[in-house]
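Good morning. Please look at the sequence and the structure on the screen, and I will go through them part by part.

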Amino acid sequence: MAQDNLSLVLHAKGDLRLENRPIPEPGPNEVLLQMHSVGICGSDVHYWQNGRIGDFVLKKPMVLGHEASGRVAKVGSEVKHLKVGDRVAIEPGVPREMDEFFKTGRYNLSPTIFFCATPPDDGNLCRYYTHSANFCYKLPDNVTFEEGALIEPLSVGIHACRRAGVTLGSTVFVCGAGPIGLVCLLAAKAMGASQVVISDLSEERLLMAKELGADFLLTVKRGDGAQQLAKSVEEMLGTQPHITIECTGVESCIQTAIYATRSGGVVVLVGLGSELATVPLINAAVREVDIRGVFRYCNTWPMAIAMLASGKVNVKPLVTHRFPLEQAVQAFETTRQGLGIKVMLKCDKNDQNP
C-alpha cells in the first residue's frame, strides 16, 4: 500500500490545504477504506468560508468530506460482514453510545454522535480513511461508486419524505431546486408522490428538476410575495399540496411553505437558515398544518441502495463536475460559485471512473 494519504484539511476560516497524513489503522470494529468518490456538500463550503455552522465551530484542523464511497483495504479483527475488496457506501453519522435515541432508532438525534467533517470529527476527503464497519454498506455490482457517494444527499431526501409521510398519491411542493431539493424530488417520486411542484430562482436548476421528473416548475423572482407564490402553487396543481418540503432555509420560503400547504397537511423544514424566523404560525395552527424538522437522516442507506439498484431512482445526472483529489481547492471554488449541481472528487489515483 502506498504511503500517500493526501487529505484535504481545513485549518481555519478560508484556509484550505492539501497535505499528506499517516494512513490510519482500523480498530477491531472498523475498516480501512481506500476512498474513491467524495461529493462536495454546501456544509463543507460553509465551514471553509465561515469556520462554523451554528454551534459547530472549527477549533483545530479538520479533514472535510462526508458524501463518500470507497473500497475496503483492511478489516478490523471483529468485522465479519465485510472483506478486503468490497465496495461500500459510507454513512457518516455513527452513534458513540447506546443512548435512548439509539435504542428508539433515532440515532441521528444522539447528542454524542460522531459525524464526518463536523467539528471536531474528521471527514473522508482523503486517500485512506477508517470508519465503523457497521456504518459501511456493500454496494451491488450495478451501483457505481459515485452513486454510492450520492446516497448521503439522497438520504436527506428519503428522511424528509418519511418525516412528511409521502405516500401513494401525495401531492408535494418542494421549495428550492439545489442538490437537496432535487433529491427530495427524486425520493418523493419514488415513494409514490403523484405530482410534484418545485420552485427556484434558477432556470438552469429547474430544467434539471424537469429532467428528474418534476411535474411543474415555478420560477421565483426576488421580492415575490409568499401568499402570491402559494397561490401559484395551488393554480399549478389545481389544489393545495398535501406536503411541502422546504429546502432553502430562507424566511420568505418558509412563509410560502406554510401558506401553500393544505389544511391538515405537513410542512417539513430541511433547509437551515438564520436561527430565528418570522412565520405565519397562527395560520398553520388554525389549519392544523404540522411543521416538522429534519436533522440529517437515520436508517436510510438500505432503502437508498435498493432504490438505486432497482433503477427506481437515478441520481447520476446530479454529478455535473469531477476533479481529482489533487485539484480539491479548485473543486471547492467551483461549488462556492454555484456552478452545476454536484461536484465529485476522485480520491483513487488509479481509478477516476464514476
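Axes are lines fitted to C-alpha atoms, for helices over the stretch in contact, and angles run from 0 to 180 degrees between N-to-C directions. Helices (H or I, at least four residues) and strands (E, at least two) are DSSP runs, numbered from the N terminus.

This is a predicted model, where local features need pLDDT of at least 70 and side-chain atom pairs count only at pLDDT 80 or more, while totals for chains, interfaces and linings use all residues. Residues are numbered from 1 along each chain as its sequence is written, and side-chain values use heavy atoms, with hydrogens and water left out.

Now the sheet. Six strands make an open sheet in the order β15-β14-β13-β16-β17-β18, with parallel pairing. Two strands pair if DSSP finds at least two bridges between them. Which are the edge strands? They are β15 (216–219) and β18, each of which pairs on one side only. On average, neighbouring strands of this sheet are turned by 20 degrees against each other, direction ignored. Inside the sheet, β16 and β17 pair in the parallel sense over 4 bridges, and Thr244 has Val267 in β17 as its bridge partner.

Helix α5 (residues 203–211) lies across β14 (195–200) and β15, and runs at about 170 degrees to β15. Helix α3 lies across β16, β17 and β18, at about 150 degrees to β17.

Next, helix α7 (residues 251–260). Its buried residues are Ile254, Gln255, Thr256, Ala257, Ile258 and Ala260. Buried means under 20% relative accessible area, exposed over 50%, and partly exposed in between (1.4 Å probe, protein chains only). The cover over the buried residues of α7 includes β13 (171–175), α6 (226–237) and β16 (243–246).

In the loop between α6 and β16 we find Gln240. Gln240 is partly exposed, with a relative accessible area of 22%. Gln240 and Thr261 are 21 residues apart in sequence, and their C-alpha atoms are 5.7 Å apart in space. Not counting residues up to four places away in sequence, Gln240 touches several others, among them Thr171, Tyr259 and Arg287.

Now to the start of the chain. Strand β1 (residues 6–12) has 5 of its 7 residues buried, so β1 is largely enclosed by the rest of the structure. β1 pairs with strand β2 (residues 15–20) in the antiparallel sense over 6 bridges, and Val9 stands opposite Arg17 in β2. The two strands form a hairpin with 2 residues between them, and Gly14 in the turn has a positive phi of about 80 degrees. β1 is also joined by 2 bridges to strand β6 (residues 62–63), and these two run antiparallel. There, Leu10 stands opposite Met62 in β6.

How do helices α1 and α10 pack? Helix α1 (residues 42–50) and helix α10 (residues 328–336) meet at an angle of about 100 degrees, with their axes 10 Å apart. That makes α1 roughly perpendicular to α10, a label for angles of 65 to 115 degrees; under 35 counts as roughly parallel, over 145 as roughly antiparallel, and the rest as oblique. On the α1 side the contact is made by Asp44, Val45, Trp48 and Gln49, and on the α10 side by Phe332, Glu333, Thr335 and Arg336.

Phe332 comes up again in the core. A nonpolar core is a set of buried Ala, Val, Leu, Ile, Met, Phe, Trp, Tyr and Cys residues joined through side-chain atoms within 4.5 Å. Of the 94 residues in the largest nonpolar core, Leu182 and Phe332 touch the most other members. Helix α3 (residues 145–164) gives the most to this core, with 9 residues. A second, separate core of 16 residues includes Phe173, Leu218, Ile258 and Val289.

Last, some backbone details. Most residues other than glycine have a negative phi, and most peptide bonds are trans. The peptide bond from Pro119 to Pro120 is cis, with omega near 5 degrees. Glu288, in the loop between α8 and β18, has a positive phi, near 55 degrees. Glu288 is exposed, at a relative accessible area of 61%. Asn299 also has a positive phi near 55 degrees, and at 40% relative accessibility Asn299 counts as partly exposed.

Terms used. Contact means heavy atoms within 4.5 Å.
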